[in-house]
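Keep the 3D view open as you read.

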Amino acid sequence: MRHALAAAVLIASIPAWADQPVTLAAQDDGFAVSSTATGTARKDGPFLAVALARHTLRASKEFKTPTKVIEYRVGLARNNAQGQWDVERWSPAFPASFTLSPGDTRQLPSATALIPIDNLPSLKDSWLVLQVKVQLDGAVGTTYAHGNKLALD
């Protein structure tokens, strides 16, 4: 009973609004490498801290040569006046520097991306974008995963 009461007090002291669970997933099966990530987002002073607890990269079997993963980063996106999405701010990039063979899956270490949000009037109608820079057959390109709109403001 005493442990249950202590756990209830501990849980009650964590503000319910502090963290928003986030899930980011690639929506395009045509990518050489697809990302799936889960974690939390929280406003932390002049930053949006995005803690990626699980981040998995999967190389497509459709591409027959290995794909080098160069780096990844997290951005804050909004729709522009033409209805297309624009990334307003990016976190610094996390270097990756490994190669995936067709069909390989790799779990990345947990990481926290800090996106500067100073001077933004609101996070309303924003969402997160996960960008992975890759090299395939000598050409460098990017793949994307995104999540739902943020509930933070």
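A salt bridge here is a side-chain nitrogen of Lys or Arg within 4 Å of a carboxyl oxygen of Asp or Glu. Helices (H or I, at least four residues) and strands (E, at least two) are DSSP runs, numbered from the N terminus.

Before going further, some ground rules. This is a predicted model, where local features need pLDDT of at least 70 and side-chain atom pairs count only at pLDDT 80 or more, while totals for chains, interfaces and linings use all residues. Residues are numbered from 1 along each chain as its sequence is written, and side-chain values use heavy atoms, with hydrogens and water left out.

How exposed are the two partners? D118 is partly exposed at a relative accessible area of 38%, and R89 is partly exposed too, at 22%. The cut-offs are under 20% relative accessible area for buried, over 50% for exposed, and partly exposed in between (1.4 Å probe, protein chains only).

By the salt-bridge rule the count comes to 5. One of them joins D19 and R42, with the closest N and O atoms 2.7 Å apart. This pair also links distant parts of the chain, as D19 sits in the loop between α1 (2–12) and β1, R42 belongs to strand β2, and 23 residues separate them. D19 counts as partly exposed at 36% relative accessibility, and R42 as partly exposed at 35%. Another bridge is formed by K149 and D125, where the closest N and O atoms are 3.6 Å apart. K149 is in strand β10 and D125 in the loop between β8 and β9, 24 residues apart, so distant parts of the chain are linked here as well. K149 is partly exposed at 48% relative accessibility, and D125 is partly exposed at 41%. As a rule, side chains of opposite charge can pair when their charged atoms come close.

The loop between β8 and β9 has something else to show you. N119 lies in that loop, and its phi is near 70 degrees, a positive value in a residue other than glycine. N119 is exposed, with a relative accessible area of 74%. Why flag a positive phi? Because most residues other than glycine have a negative phi.

D137 is a second case, with a positive phi of about 55 degrees although it is not a glycine. D137 lies in the loop between β9 and β10 and is exposed, at a relative accessible area of 62%. The hairpin of β9 and β10 has 2 residues between the strands. The two strands, with β10 covering residues 139–149, pair in the antiparallel sense over 9 bridges; pairing requires that DSSP finds at least two bridges between the strands. Within this pair, L136 stands opposite A139 in β10.

Now zoom out. The protein chain has 1 helix and 10 strands, and from the N terminus on the elements run α-β-β-β-β-β-β-β-β-β-β. Of its 153 residues, 35% count as buried.

What does the interior look like? The largest nonpolar core has 31 residues, and those with the most contacts inside it are L48, V50, L76 and L128. Such a core is a set of buried Ala, Val, Leu, Ile, Met, Phe, Trp, Tyr and Cys residues joined through side-chain atoms within 4.5 Å. Several strands supply at least two residues each, among them β1 (20–25), β2 (33–44), β4 (67–79) and β9 (127–136). β3 gives the most to this core, with 5 residues.

Finally, confidence. The mean pLDDT (the predictor's confidence in each residue, from 0 to 100) of the protein chain is 86, and 87% of its residues reach 70 or more. Over residues 1–17, though, the pLDDT is below 50, and beyond near neighbours in sequence this stretch has 1 contact (heavy atoms within 4.5 Å) in the model.
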